[in-house]
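Me: I'd like to learn how to read pockets and sheets in a structure. Please take me through an example.

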Amino acid sequence: MENKYKIIPLTGDQAAAEAMRQINPDIVAAYPITPQTEIVMTFAQFVADGIVDTEMIQVESEHSAMSTTLGACAAGVRAMTATSSQGLALMWEVLYIASGYRLPIVMPVVNRALSGPINIHCDHSDTMGARDSGWLHIYCENAQEVYEMTIAAIKIAEHPEILLPVMVCQDGFITSHATEGVKIFDDADIKKLIGEYKPKYPLLDIKNPVSYGPLDLQDYYFEHKRQQSEAVKIAKEKIPGILSEFNKFFGKDYGYIETYRLEDAEIAIIAMSSTCGTARSVIDELHKNNIKAGMLKIRFFRPFPAEEIVNACRNLRAIAVLDRAESFSNQGGPLFAEVRAALYNNVSIPVVNYIYGLGGRDIYTEDIKSIFSEVKEIASTGKVKNLVNYQGVRE
Amino acid sequence: MKNIIEMRWHGRGGQGAKTAADMIAHSALELGKHIQSFPEYGPERAGAPMISYVRVSDLPINLHCGVTNPDIVVVIDPTLIESVPIIEGLDKKGALIVNTSEKPESVRKKLNFNEGKVWTVDATKIALEETGAPLPNTPMLGAVLKATGIVPLDNLKEQLKKKLGKKLSPEKMEGNIKAIEKAYNAVVSG
């Protein structure tokens with residue numbers, strides 16, 4: 001039986017705020033920043049209208065937003081925040097503390113380019129900067145996925161064997177400010193689905209005293225970091241089980257990756273977020289011309305789905321990885337580096353990188369078609385002309 | 001009808017092109033269609049040319065890029081005809097709907113848009129008469145509905161009441177509804 005829902009017009013930001021309304025966190029501490037503003041604005045209205053029980057803490061910066069969320073979470077409550085771009089950059093040192101303390105904070109992030117020059121539009125340089133912060137990363141294609149993954153992220157973060165913070169990313173403006181019809185499920189059902197938060201080591205449980213943040217030197221710091229990487233490994237094992245419960249409820253098939261017409265494909269692109277949607281349309285068109293093109297969408301960047309990528313790509317003849325961020329390594333973007341490392345020693349397929357869409361430069365179906373035609377060329381000649389390419393830029 | 005209809009609205013910041021585009025998308029969603037409605041955000045400021053897009057489809061919409069080849073172009077500010085590439089990418093057989101006191105033939109000639117349909121209506125005049133404010137976005141909705149049949153008039157009127165009922169006084173709301181109906185009947189094609 002399908003669960004109760006209604007379809008309402010929502011932007012990606014509003015979809016994140018709806019998820020937060022249903023999650024009804026105890027504490028939200030946030031600072032508004034474009035293009036995340038509508039999340040905080042919408043949620044603040046829910047608080048003002050008494051629709052949620054949340055205590056909203058106004059802070060003077062994102063550094064304080066993350067510090068406050070972290071403190072509340074350590075105290076033993078469900079705590080959330082949301083940010084973008086410079087805001088995430090300002091949280092940077094505290095991000096590592098949240099993951100190092102194993103605090104299950106869920107944070108919607110609306111991807112926006114980093115300054116300078118100043119730009120308010122989409123790219124992934126902000127969250128890619130937090131790549132090694134110990135947070136789990138989920139990248140969403142559309143507003144529906146934002147809503148559903150924000151809810152699912154709560155259970156992933158709070159799983160007693162995981163206990164890691166999660167950022168749920170959506171593309172700034174492209175997703176955050178576009179209205180789509182979003183299926184919103186029944187409040188009571190969602191409440192039941194995520195259940196009550198039972199903190200494992202609450203600071204305020206004075207009968208079982210714990211310490212957060214003591215000095216941790218040569219004697220134990222390494223062990224704690226080793227445990228943190230073990231937690232990400234455990235997360236890798238546990239997440240499919242957690243998602244299956246949500247998949248059953250939402251009627252979806254969410255996993256680490258999603259493939260589109262990849263089974264019999266000869267060439268493919270690997271991408272994340274809203275670009276994957278546009279790529280689907282291009283792939284359908286290419287199939288009409290008997291071009292066997294497919295796509296691998298990466299939903300979870302952390303834990304990184306290396307085995308899943310290798311298995312899905314095994315039979316391809318050439319691959320292009322699309323990065324909406326530059327790493328300035330002269331070796332391609334961050335997604336390319338990790339995908340290529342995962343494939344190395346496992347399969348021998350030519351793989352190239354396309355850096356695109358920085359600062360919100362739109363990626364049209366023609367851009368993706370042009371990438372596919374170059375990948376097709378590589379598949380038939382076996383020759384890679386340029387390892388790293390820039391799509392849609394004036395040279 | 002094609003299974004996806006793509007629209008582009010041209011207006012100036014503050015004229016309500018985004019609100020109008022949203023109204024159409026929201027009405028279509030209630031009728032069971034799949035929708036997208038999104039403005040092109042530049043350095044937003046009142047009076048600057050802006051664009052808003054709408055997609056309406058029978059099937060789920062995967063595209064997340066701007067509309068490059070619209071079936072319908074709506075111009076809510078007549079001065080934009082001279083200053084921005086209004087018909088760029090517009091389907092040759094598409095529809096162009098313009099707020100102007102001029103006749104369709106004259107707009108067609110100015111833009112060299114030969115094959116498609118051109119519709120004109122003096123939406124600013126209608127807005128002034130019915131609402132007392134020179135905001136042509138609501139009357140343009142009436143014109144668009146008549147020209148394209150994208151959603152039925154009654155559904156749109158309901159949507160307007162639902163979305164702006166709290167913001168507008170009953171008199172203002174009635175004025176807006178009248179403006180939509182008046183433009184619906186006054187828009188002419190050629």
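Me: Which element gives the most to the lining of the largest pocket?

Reply: That is H1(B), with five residues in the lining. Helices (H or I, at least four residues) and strands (E, at least two) are DSSP runs, numbered from the N terminus. This is a predicted model, where local features need pLDDT of at least 70, side-chain atom pairs count only at pLDDT 80 or more, and totals for chains, interfaces and linings use all residues. Residues are numbered from 1 along each chain as its sequence is written, chains are lettered from A and ligands numbered from 1 in the order written, and side-chain values use heavy atoms, leaving out hydrogens and water.

Me: What is the volume of the largest pocket, and which residues lie nearest its centre?

Reply: A pocket is an open set of points on a 1 Å grid over the protein atoms alone, where a 1.4 Å probe fits, with protein on both sides within 12 Å along at least five of seven lines; lining residues have an atom within 4 Å of a point. Volume is the space filled by probe spheres set on the points, which are joined across faces, edges and corners. Here that comes to about 1300 Å³. Of its 33 lining residues, Met23(B), His26(B), Lys163(B), Leu164(B) and Lys167(B) lie nearest the centre. Both chains contribute two or more residues from elements including strand E1 (5-11) of chain A and helix H7 (170-186) of chain B.

Me: And what about the second largest pocket?

Reply: It holds about 930 Å³. The largest share of its lining, seven residues, belongs to H8(A).

Me: How should I read the sheet, and what is its strand order?

Reply: Strands of a sheet pair through backbone hydrogen bonds, either parallel or antiparallel. Two strands count as paired if DSSP finds at least two bridges between them. This open sheet of nine strands runs E1(A)-E8(A)-E2(B)-E3(B)-E1(B)-E4(B)-E5(B)-E6(B)-E7(B), with mixed pairing. E1(A) and E7(B) are the edge strands, each pairing on one side only. E8(A) meets E2(B) in the antiparallel sense over two bridges, and Gln36(B) is the bridge partner of Glu180(A).

Me: Is Thr179(A) buried or exposed?

Reply: Buried means under 20% relative accessible area, exposed over 50%, partly exposed in between (1.4 Å probe, protein chains only). Thr179(A), in strand E8 (residues 179-185) of chain A, is buried at 5%. Its contacts (heavy atoms within 4.5 Å), leaving aside residues up to four places away in sequence, include Pro9(A), Leu10(A), His26(B) and Gln36(B).
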